[in-house]
Amino acid sequence: MSPRTFAIRSYGCQMNVYDSERMAELLAASGLAPASEGAPADVEILNTCHIREKATEKLYSDIGRIRAAAEAEGRARPTVVVAGCVAQAEGEEVRARAPAVDVVVGPQAYHRLPELLARARSGPAIDTDMPEVAKFAHLPARTPRRRASAFLTIQEGCDKFCTFCVVPYTRGAEASRPAADILTEARALIASGAVELTLLGQNVNAWAEPFDQGRDFAWLLAEVAALPGLRRLRYTTSHPRDVTPALVAAHGRVPALMPFLHLPVQSGSDRILAAMNRKHGRQFYLDLVAAFRRARPDLALSSDFITGFPGETEEDFAETLALVEEVGFAQAYSFRYSPRPGTPAAERPGQVPAGVAAERLERLQKLLASQQLAFNRSHVGSETEILVEKPGRHPGQWIGKSPWMQSVVVEDSSLAPGALVPVAITAAGPNSLSGRTLARRAA
């Protein structure tokens, strides 16, 4: 008899992508097999995001689609698992809204997924416990896929309690994995072919060796960067309040650390930053940016922005636009404020009308898009090195990643994933660059 099959769909952040990979390894170790791409699976897992309302609604839409597809094709209904942050935040409410769901499991309890699937044969199974990073001790050893770039979670949870954010309630308190475990997993990923690692955490730069105050995030970056075979190192997402002088200095001292930093600010208004409980002000953020650029002059910045936060006035929004003009961003993520149940901001007076927030978002995104295009165009005529990741749309075409996270398209049938290739940038658009490969130097 063929083994039962599973399929996993991820919504939201890179940490969900990482968690989905670990769930896949866990299920494979327990005897299930991944379903072929596009084929129905015996177990359908939806690994969810709860940051914005739209992501939550997509979950329930997908549950209905799974059920309808099984009925239309005359096959048995699959076991439906809702994992991730919606599962943690809503718990039994998930099943109240979608009775087709068999298992609900939070992001800190998915190491118990095989047990939950067994329990679901006799009725619904729900597990939203939040043991402090204990799941990593119960997950199987990594069996990573061969690929050029890989994610590695080093820290989970958040103690900042921004008033708009559900993460402290869905991921729990900040907790760091031991360095020995991180380095072991990093070596396994490198052995499988990864030449680039991205260290992940809700506040990744809050990482500190448990019970050893001398080992902080800057120390860990240097340790990971020194691993044989690793060529590129990145991290996300960092919080401005957790930036240390040693971390700033690392950007000038660690060659493998790429010149690209995601440093969320959310607003340019001190009044709104205080209402968000961001624990930093406008000038603090600008001073950090200046310090990073002194340490690494070619550093490019990305950020997060919210428009229409409760109480935001046109003057507050103008300060956000002014901050964007002053910093200059290579990329950014921007969203209209979405009230999340249970967060302090959802109950605040002065909720901004949706139309006003949307209009501000449109203006902000227009400015950010112009900066991204200008940044991309500034590379035309330069030479850089790309990490080849996947084939392009046409035969002989490949897509690689620049040090600044830009997608670069080249025509060269001799390439393969994982190659680090020198290229000359020949053209730039809003979302990608074009280049031609250059002769590679002898090793």
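By class, the second largest pocket is lined by 5 nonpolar, 2 polar and 3 charged residues; Ala, Val, Leu, Ile, Met, Phe, Trp, Tyr, Cys and Pro count as nonpolar, Asp, Glu, Lys and Arg as charged, and the others, Gly among them, as polar. The model is predicted, and local features need pLDDT of at least 70, side-chain atom pairs count only at pLDDT 80 or more, while totals for chains, interfaces and linings use all residues. Residues are numbered from 1 along each chain as its sequence is written, and side-chain values use heavy atoms, with hydrogens and water left out.

The lining residues of this pocket are Ala7, Ile8, Arg9, Ala35, Ser36, Glu37, Gly38, Ala39, Pro40 and Glu44. On a 1 Å grid over the protein atoms alone, a pocket is an open set of points where a 1.4 Å probe fits, with protein on both sides within 12 Å along at least five of seven lines, and lining residues have an atom within 4 Å of a point. Strand β1 (residues 5–10) gives the largest share of the lining, 3 residues. Strands (E, at least two residues) and helices (H or I, at least four) are DSSP runs, numbered from the N terminus. The space in the second largest pocket is about 210 Å³, where a volume is the space filled by probe spheres set on the grid points, which are joined across faces, edges and corners.

Next come the helix pairs. The axes of helix α8 (residues 179–191) and helix α9 (residues 217–225) come within 10 Å and cross at roughly 30 degrees. Because of this angle, α8 is roughly parallel to α9. Axes are lines fitted to C-alpha atoms, for helices over the stretch in contact, with angles from 0 to 180 degrees between N-to-C directions; angles under 35 degrees count as roughly parallel. Ala179, Ile182 and Leu183 of α8 make the contact with Trp219, Leu220, Glu223 and Val224 of α9, contact meaning heavy atoms within 4.5 Å. These residues divide into 6 nonpolar, no polar and 1 charged.

Helix α12 (residues 282–295) packs with helix α13 (residues 314–327) at an angle of about 10 degrees, their axes 11 Å apart. The two helices, α12 and α13, are therefore roughly parallel. On the α12 side the contact is made by Arg282, Tyr285, Leu286, Val289 and Arg293, and on the α13 side by Glu319, Ala322, Leu323, Glu326 and Val327. By class, this contact has 6 nonpolar, no polar and 4 charged residues.

Helix α13 also packs with α14: the axes come within 10 Å and cross at roughly 5 degrees. So α13 is roughly parallel to α14. Glu314, Phe317, Thr320, Leu321, Val324 and Glu325 in α13 meet Arg360, Arg363, Leu364, Leu367, Leu368 and Gln371 in α14. The residues of this contact are 6 nonpolar, 2 polar and 4 charged.

Helix α14 (residues 354–377) also holds Phe375. Which residues does Phe375 contact, leaving aside its neighbours within four places in sequence? They are Ala300, Ala330, Trp404 and Gln406. Phe375 is 45 residues from Leu420 in sequence and 22 Å from Leu420 in space, C-alpha to C-alpha.

Two backbone details remain. Thr236 and Thr237 are joined by a cis peptide bond, with omega about 0 degrees, and Thr237 lies in the loop between β11 (232–236) and α10 (245–253). Gln266 is not a glycine, yet has a positive phi of about 80 degrees; Gln266 is in the loop between β12 (260–262) and α11 (270–275).

Terms used
Parallel < 35°, antiparallel > 145°, perpendicular 65-115°, else oblique.
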